[in-house]
Amino acid sequence: MVANGSLWFSYGALLGNPTIMLPNVTAIVMGSAYCATFVKYRSPQASIAPHAAISGGLIAATVGATQLLPVLDDKELFTEGHPFRPDELALLAAFCNRVAF
């Protein structure tokens, strides 16, 4: 939930759309609370390392990609010649959501 919320938050930040960003802040906070509760009450045999590594990697890759991308206005962002389109990040977020569940 944290990774998915982070991906969608990044997508909203790329678009500059608070309607997408704000609900996903809730997903990040609630997902973090869920993860903290899970870690606190999990059985001693349960390992969270693979899940933490995958989620952390997705978040780091997404935040890194959004920081490296140039800031463009709406006309430049949605042109066909531009190498990155925000809908690609949305597809990545949807894919990660399917993989997570």
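Is Y11 buried or exposed? Y11 counts as buried, because its relative accessibility is 14% and the cut-off for buried is under 20%. Keep in mind that this is a predicted model.

**The overall picture**

Let's start with the whole chain. The protein chain has five helices and zero strands, so reading from the N terminus you get α-α-α-α-α. It has 101 residues, and 25% of them are buried. If you look at contacts between residues at least 6 apart in sequence, 59% of them join residues at least 24 apart.

The chain's count of aromatic pairs comes to one. That pair is W8 and Y11: the ring centres are 5.5 Å apart and the planes meet at 85 degrees, so the arrangement is edge-to-face. The cut-off for that label is over 60 degrees. While Y11 is buried, W8 counts as partly exposed at 25% relative accessibility.

S6 is also found in helix 1, which covers residues 2–15. With a relative accessibility of 10%, S6 counts as buried. Setting aside neighbours within four places in sequence, S6 is in contact with I28, I59 and T62.

Here are the accessibility values for the residues discussed here.

| Residue | Relative accessibility | Class |
|---|---|---|
| S6 | 10% | buried |
| Y11 | 14% | buried |
| I28 | 23% | partly exposed |
| W8 | 25% | partly exposed |

**Over to helix 2**

I28 lies in helix 2. What does I28 touch, not counting residues up to four places away in sequence? The answer is V2, G5, S6 and F9. Take F9 from that list: I28 and F9 are 19 residues apart in sequence, yet their C-alpha atoms are 8.8 Å apart in space. I28 is partly exposed because its relative accessible area is 23%, and buried would need under 20%.

V29 also has its place in helix 2, which runs over residues 18–41. V29 belongs to a nonpolar patch on the surface, together with M1, L22, V25, M30, Y34, F38 and V39. Together, the patch residues have about 800 Å² of accessible area.

Definitions and conventions: Residues are numbered from 1 along each chain as its sequence is written. This is a predicted model: local features need pLDDT of at least 70, side-chain atom pairs count only at pLDDT 80 or more; totals for chains, interfaces and linings use all residues. Side-chain values use heavy atoms; hydrogens and water are left out. Helices (H or I, at least four residues) and strands (E, at least two) are DSSP runs, numbered from the N terminus. Buried means under 20% relative accessible area, exposed over 50%, partly exposed in between (1.4 Å probe, protein chains only). Contact means heavy atoms within 4.5 Å. Patches are made of residues with over 30% relative accessible area and no salt bridge: like charges are joined within 9 Å, nonpolar side chains (Val, Leu, Ile, Met, Phe, Trp, Tyr) within 5 Å. Accessible areas come from the Shrake-Rupley method with a 1.4 Å probe; for residues, only the protein chains shown count as cover. A salt bridge is a side-chain nitrogen of Lys or Arg within 4 Å of a carboxyl oxygen of Asp or Glu. Rings of Phe, Tyr and Trp (its six-membered ring) pair if their centres lie within 6.5 Å; planes under 30 degrees apart count as stacked, over 60 as edge-to-face and the rest as tilted.
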